Amino acid sequence: MRIVVASGKGGTGKTTIATSLALTAGESVCFVDCDVEAPNAALFLNPSLDKRKEVGILLPVVDEALCTYCGICSEVCEFHAITVIGEKTLVFPELCHGCGSCTLVCPEKAISERLDVMGVLERGVTATGMDFAQGVMHVGEPMAVPIIRELKKWTLPKPPAIEIRDAPPGASCPVVEVIRGADFVLLVTEPTPFGLHDLKQVVGIIRELKIPAGVVINREGIGDKAVETYCAEADLPVLLRIPMERRFAEAIASGKTLVEAAPEYRSVFRTLLEDITAEVAA
Amino acid sequence: MKQLVILSGKGGTGKTIVTAAFAHLAAQGQLTGKLILADADVDAANLELVLKPHLLEQQDFRGGKVAQIDQDSCSSCGDCEAVCRFDAINHVDDLYVIDPIACDGCAACVYQCPDESISMHEQVAGKFYFSESAHDYGPLYHANLFPGKDNSGKLVTLIRQRARRQALDENYELIIVDGPPGIGCPVISAVTGANLALIVAEPTVAGVHDMQRVLQTVRHFGVGAVVCINKADIYPAGADDIEAFCQESGIETVGRIPFDLTVSRAMVAGEAVTAFHPQAASSIAIAKIWEKTLPLLLESK
């Protein structure tokens, strides 16, 4: 079962929920931190990362000896990433999506490809024996999606019973890439107008992908009841409510997980997993 | 004319709260009528929830194209699936179909299809808006990237170009850009060409980690930065770490904002916190940060 923890608005507690869910989910769990721009789960789960893989996209490399400057590569490129100026074929790496179209159409077979490294994938095991993987995008790189795509494919030799993916905030293409292929999406929000607005954006994605979802309302009590009303109207089950408590915020700030700071939540998260399992089965 | 971009790395640290308060404070002082606002967080655009804008103009934002297979002429050879690097072509019941959400719009399949059955179709990926904010805070450029769409960087660039053009044409002195979280393409589009970045950091292990990554990103694009610390008293040791890190890196810390539930109440009321309750601890702190940041911005290159 693949569970994605997503949110829309940033800072609502995705990593808080995802890590505590993982720590109470039993033996065969793999945690995958897919927030490659701001990967934080390792700060809470402290895995020892012993496997590493550089990933990115394949950029075209033009062999000037074979190139006849016909310009077909430039015609097929949707991203204006390759162009012919006089007797010179130029590649603009920052525009290239690595689709391979130019390489495929070149009549002279003058284009080969090289890996343009955009980030790294890392994998290991936490102190509690949980499998852990994360992607880390290099600073200055614009595209998170290729890293997320490779991270999802970097599977374990033996698939875990439960995979928990921690998603980035927002509702654009990186979030879609994380959610694709999931069995369930857990939406973490806060009861404020910002939380509600951004929750609706992610619900737009899960409705299009037709993936079952449930909501966690974090910091209950800080705002209003509009999120509850929306969830009822949109037929989204609210699976968990966590009150605003300063001691939770303080513990998480210092690098503790919620279930470490408040052990009474262990049973709450086990129930949450049972509820998710039931929703997926239905 | 100067451009200030508000960033954070980690989401939910308070970028929009600070932006809205700055808009309110600027309207009270010497910058009345001299400020333009831009919301560059296009897939989670929240500034409008506080600035209550009056819409003046809207237009469709055309994002990337998406491939479509004409099933009548398709011979189901599977060449398209073989060349697609985005896992966007599915083989279902002997038919090849495009997953429009996964499609990157590269058109590689179009050129490989022997039956010429695949064509590219432009799609509307979002809406661009130009508005007047309530309370005379100034013109607001904002947008709504439809759920799951790409090209957020392009939409941010459009917003910033339009804001800049109006600022130059009509002698505005300042643009404040409410940035997105993370460090990827929309952040790069939000920071490029800005005069100063204000990083809203959070004194949490995650917040410190992400602040360092966004500071590296800002430096990579040649923009100077200052840092303020939100919810600073939640974990004072973390706040001290941030200040120490900034001092070592030659980055000025312009203030600390205490954890204050007035901020959430102002959000529910749809007001800038400094307008909602000027004497709240958070409002006083943000006002001090504004007074410190403004001269640095005006001096910046």
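Predicted model: local features only at pLDDT ≥ 70, side-chain atom pairs only at ≥ 80, totals over all residues.
Me: OK, so what's the angle between H1 and H11 in chain B?
Reply: Helix H1 (residues 15-28) and helix H11 (residues 281-299) of chain B pack at about 70°, and their axes are 10 Å apart. That angle falls in the 65 to 115 range, so H1(B) and H11(B) are roughly perpendicular to each other.

Me: Which residues make that contact?
Reply: From H1(B) you have B:Val18, B:Ala21, B:Phe22 and B:Leu25, and from H11(B) there are B:Ile286, B:Ala287 and B:Trp290.

Me: And is the contact polar or nonpolar?
Reply: Nonpolar: seven nonpolar residues, with no polar and no charged ones.

Me: Switching topic: how is chain B divided into domains?
Reply: Domain 1 takes 2-52 plus 133-299, and domain 2 takes 64-124. The C-alpha centres of these two domains of chain B are 41 Å apart.

Me: What about chain A?
Reply: Chain A has a domain 1 made of 2-46 plus 127-281, and a domain 2 at 57-117. In chain A the C-alpha centres of the two domains lie 39 Å apart.

Me: How many residues are in contact between the chains?
Reply: 54 residues of chain B are in contact with 53 residues of chain A.

Me: Which helix of chain B gives the most to that side?
Reply: H7(B), with eight residues. Helices H4, H5, H6 and H9 of chain B also each supply at least two.

Me: How do the chain B residues there split by class?
Reply: On the side of chain B that touches chain A, 24 are nonpolar, 21 polar and nine charged.

Me: Now the sheet in chain A. What's the strand order?
Reply: The nine strands of this open sheet go S3-S6-S7-S2-S8-S1-S9-S10-S11, with mixed pairing.

Me: Which ones are the edge strands?
Reply: S3 (48-62) and S11 (238-243) of chain A, since each of them pairs on one side only. Across this sheet, neighbouring strands are turned by 20° against each other on average, ignoring direction.

Me: Do S6 and S7 run parallel or antiparallel?
Reply: Antiparallel, with seven bridges joining S6 (residues 111-125) to S7 (residues 131-137) in chain A. One bridge pairs A:Arg123 with A:Ala133 of S7(A).

Me: Last one: which strands does helix H1 of chain A lie across?
Reply: H1(A), residues 14-23, lies across S1, S2, S8, S9 and S10 of chain A, and runs at about 165° to S8(A).

Methods: Residues numbered from 1 in each chain as written. Chains lettered and ligands numbered in written order. Domains from an automatic or database assignment. Contact = placed C-beta atoms within 7 Å. Helix = DSSP H or I, 4+ residues; strand = E, 2+ residues; numbered from the N terminus. Nonpolar A, V, L, I, M, F, W, Y, C, P; charged D, E, K, R; others polar. Axes fitted to C-alpha atoms, helices over the stretch in contact; angles between N-to-C directions. Parallel < 35°, antiparallel > 145°, perpendicular 65-115°, else oblique. Pairing = 2+ DSSP bridges.
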